[in-house]
Amino acid sequence: MPPEHRHTPDRLHRRLVPAVALLLLAPWAAECSWGGFTLADTPFVVLVLAPMYGGAALLIRETARRLGLGWPAIALLAAAFGVVQAGLVDQSLFNPGFLDDTEFADTRAAAEATLVPGLGFSARQAFDYVGNHVVLSICAPIAIVESYLGAHRRPRPWLGRPGLAVVALLYLAGSLLVFADDGGRKNFLASPVQLTAAAGVAVALIAAAVLTRRRPAPSVVVPPQRPRPAPATAAPQQTDGEAYERRAPHPLWPAVVVLLAYACAGLLPGWPGVAVGLALAATAATVLVVWSRRAGWGQRHVLAAGTASLLVAAAQAYLVPTYAPATPAAALAGDVAVSVMAVTFVGGAAWRLRRPSPTVHVRAS
């Protein structure tokens, strides 16, 4: 066997394991991490929704890594997926009765308080649906799975062209399954104007994600200079790098920023709540991008920022009902399982990052 092919099976295994992990983690984070299903229903939900949620997460992650895109692009692609999912696939964005047969039927009045004229969708629901797809369905699973990998493997694609084709077919099949199922789209069909608007927004978000790609600035080599002796009475002088370089904060602070934005986004009802939610999301995104461009920003910061919303959702699972009626014991068992799994996933990833590995700076854009 030629030397260059001797370890091919091992390399294939190392690339498929994280891909399968993301395929299964994405549907759990999207639909189960906030207490939407009982423990008994969770395995079925994960397996059925893995092609759609996991397929989307894999396609977004692989696209970003192949094109050299950063986390802002991943978030934009995740938002595009959220619009496609809620606007074109299950069409929950335009269906005012989508939750009427669930334990969330009482949220309809609050949603109708922020209806957008002409397009017939709730701005409050649009913010919640798309926002949760960004932070829970896509960003958190990618951040967790990549944190379990070595630094040299995180920026690399996992799948070749055949693998990408298979994942794309899985995603299409999973989306068609939800679209055609009575419990998925619930026999509702949005108007051509609504479908066109959703498709247009999704395309615009994808284009914006691609446009975030920037060529790396050429490195400038500064020749060393002999330091001049300072007077005995003068204070120690700082070099230019020490004087102007600002380092990234402790990873706890990105987590705090995301946690506050996610937890406070839904405190106010109506249009003021939508405005506050958008302002908090924009502020958190801006702060993270600024911090990510500082020296010292790495995967620990990415994990903290990417999983803060997941931990908040898991903590709030005790306060929200499941989609279908469940006994108090079954609901509590599901919520405890969510807490254990969320802490295990995030804690395991944080422990993995404490192991020494080659330093790789994680660019945001």
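These legends go with a few close-up views of a predicted model.

**View 1. The whole protein, element by element.** The protein holds 12 helices and 2 strands (DSSP runs, numbered from the N terminus: H or I of at least four residues for helices, E of at least two for strands). Starting at the N terminus, the order is α-α-α-α-β-β-α-α-α-α-α-α-α-α. Of the 365 residues, 44% are buried (under 20% relative accessible area with a 1.4 Å probe, protein chains only).

**View 2. The largest nonpolar core.** Such a core is a set of buried Ala, Val, Leu, Ile, Met, Phe, Trp, Tyr and Cys residues joined through side-chain atoms within 4.5 Å. Among its 89 residues, Trp28, Leu58, Ile74, Ile138, Trp158 and Leu310 touch the most other members. Helix α5 (residues 123-147) gives the largest share, 13 residues.

**View 3. Around isoleucine 74.** Which residues are in contact with isoleucine 74, leaving aside neighbours within four places in sequence? They are Ile60, Ala64, Arg65, Ile138, Cys139 and Ile142, where contact means heavy atoms within 4.5 Å.

**View 4. Helix α11 and its bend.** Helix α11 (residues 299-316) bends by about 40° at threonine 307; this is the angle between axes fitted to the seven residues ending there and the seven starting there. In α11, 14 of its 18 residues are buried.

**Notes.** Residues are numbered from 1 along each chain as its sequence is written, and side-chain values use heavy atoms, without hydrogens and water. Local features need pLDDT of at least 70 and side-chain atom pairs count only at pLDDT 80 or more, while totals for chains, interfaces and linings use all residues.

Methods: Expected span 1.5 Å × (residues − 1). Buried < 20%, exposed > 50% of the residue type's maximum accessible area, 1.4 Å probe, protein only.
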